[in-house]
Amino acid sequence: MEQVKKKLIIFGAGKIADAVSYYFNRDSDYSIEAYITDDNFKTSNTFLEKPLIVLSDVLKKYPPQNYEVFVAVGYQGLNTFRESKYLYFKEKGYKIAKYISPNVKGDFAIGENSIIMDGVAIQPKVTIGNNSFLWGGAMLGHHATIKNHCWITGGCLIGGSVTIGEKTFLGIGTIITQEIAIGSSCVLGAATYITSDMEDETVLISNPTEKFRLNSKQFVKMSSFFK
C-alpha cells in the first residue's frame with residue numbers, strides 16, 4: 001500500500017526554496033502543494049509547476065488544519081526575515097516541518113523548520129534548534145549546540161562542545177575550535193578561524209587571497225607544475 005504523504009506548503013519562491021524543494025521531493029514523507037510569497041513580491045501564478053499564492057490568502061486556501069509549512073528563505077537581515085516568517089506561521093497554528101537527509105545518521109536533536117542537507121557530519125549529542133539551515137560539508141563536533149535561526153554554510157568545521165548563538169551566520173569554511181561560545185547575531189565570514197569566545201554581534205572577515213601577478217597563460221608558461 002502506497003504511503004499517503006503529508007501536505008506541505010513552502011514560504012519562498014527563490015533559489016533557497018528551489019534547493020529545499022529538491023530534498024523534500026526526493027525522499028521526504030511530504031508532498032509539496034503550493035508556494036507562498038509576500039503580497040508585493042508575487043510575479044507569477046506558479047513556482048516549480050505548483051501554485052504560487054500571496055501570504056494574505058494562505059489561511060483561506062491552505063488552512064493549518066490540513067497543511068504543514070516550511071519557510072525556505074535565506075539569511076536576509078541576519079536571519080531575522082526567516083525568523084519573522086517562521087514565527088508568523090507558528091502564531092497562525094501551522095505545524096512546522098523539518099528535513100534531515102537520510103544520508104545523515106547519528107545521535108542528535110533538531111528543531112522545526114531546520115534542514116540538514118546531504119554531506120553534513122554530525123557527531124553524538126549535538127543539539128540543533130529551530131529554523132537553522134545546515135548545508136552540505138559542514139561538520140558538527142560532539143555536544144555542540146546550534147541555537148535558533150542560524151545559517152551554517154557548507155564546509156564549516158565546528159568543534160566539540162561549541163555553542164553557536166541565535167541568528168548567527170557562518171560563512172563557507174569557517175573553523176571553530178572546541179569548547180568555544182559564539183554569541184548571537186554574529187557574522188563569521190568565509191574561511192575565518194576562531195579559537196576564543198565571541199560576544200554578541202561580532203563580525204569577523206578573513207582577508208581574501210591576493211591576486212597573483214601573472215595571468216593563467218603566463219603562469220602555465222612559467223610553471224613546471226603544468227608541464
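Author: We go from the overall build to the sheets, then to a pocket, the cysteines and a few single residues. Keep in mind that this is a predicted model.

Reader: How many helices and strands are in the protein chain?

Author: The protein chain has four helices and 23 strands. Its C-alpha trace spans about 65 × 45 × 40 Å along the principal axes. Of its 227 residues, 45% count as buried.

Reader: How do I read a sheet?

Author: Start with the pairing. Strands of a sheet pair through backbone hydrogen bonds, either parallel or antiparallel. Then list the strands in order across the sheet.

Reader: What is the order of the open sheet of six strands?

Author: The order is β3-β4-β2-β1-β5-β6, and the pairing is mixed. The edge strands are β3 (46-47) and β6, since each pairs on one side only.

Reader: Which strand does β1 run parallel to, with four bridges?

Author: Strand β1, residues 6-11, is joined to β5 by four bridges, and the two run parallel. Within this pair, F11 has V71 of β5 as its bridge partner. On to another pair. Strand β2 (residues 30-37) and strand β4 (residues 50-54) also run parallel, joined by three bridges. There, T37 stands opposite V54 of β4.

Reader: What does β5 pair with over two bridges?

Author: With strand β6, residues 95-96, in the parallel sense. V69 stands opposite I96 of β6.

Reader: Are the faces of β5 covered or open?

Author: Both faces are covered. Strand β5 takes in residues 68-71. On one side E68 and F70 are buried, and on the other V69 and V71 are buried.

Reader: What is the order of the open sheet of seven strands?

Author: Read it as β7-β9-β12-β15-β18-β21-β23, with parallel pairing. Its edge strands are β7 (99-100) and β23 (203-204), each pairing on one side only. Strand β12 (residues 133-134) is joined to strand β15 (residues 151-152) by two bridges, running parallel. L134 has I152 of β15 as its bridge partner.

Reader: How does one look for a pocket?

Author: With a probe. Rolling a probe the size of a water molecule over the atoms shows where empty space is left. Here the largest pocket has a volume of about 290 Å³.

Reader: Which residues lie nearest the centre of the largest pocket?

Author: G12, A13, G14, T37 and V73 do, out of 20 lining residues. The largest share of the lining, three residues, comes from helix α1 (residues 15-27). By class, the lining has eleven nonpolar, seven polar and two charged residues.

Reader: How many disulfides are there?

Author: The count is zero. Take C150: the nearest cysteine sulfur, that of C186, is 9.4 Å away.

Reader: Is C150 buried or exposed?

Author: C150 is buried, because its relative accessible area is 0% and the cut-off is under 20%. C186 is buried too, also with a relative accessible area of 0%.

Reader: Where is I205, and is it buried or exposed?

Author: I205 sits in the loop between β23 and α4 (216-222). With a relative accessible area of 65%, I205 is exposed. Now compare sequence with space. I205 and L140 are 65 residues apart in sequence, and their C-alpha atoms are 21 Å apart.

Reader: What is the phi of L48?

Author: It is positive, about 50°, although L48 is not a glycine. L48 lies in the loop between β3 and β4. L48 is partly exposed, with a relative accessible area of 37%.

Reader: Where does L78 lie?

Author: In the loop between β5 and α3. L78 also has a positive phi, near 55°, and is a residue other than glycine. Its relative accessible area is 24%, so L78 is partly exposed.

Key: Residues numbered from 1 in each chain as written. Predicted model: local features only at pLDDT ≥ 70, side-chain atom pairs only at ≥ 80, totals over all residues. Heavy atoms only, no water. Disulfide = S-S within 2.5 Å. Buried < 20%, exposed > 50% of the residue type's maximum accessible area, 1.4 Å probe, protein only. Pairing = 2+ DSSP bridges. 1 Å grid on protein atoms, 1.4 Å probe; cavity = no way out; pocket = protein on both sides within 12 Å on 5 of 7 lines; lining within 4 Å. Points joined across faces, edges and corners; volume = space filled by probe spheres on them. Nonpolar A, V, L, I, M, F, W, Y, C, P; charged D, E, K, R; others polar.
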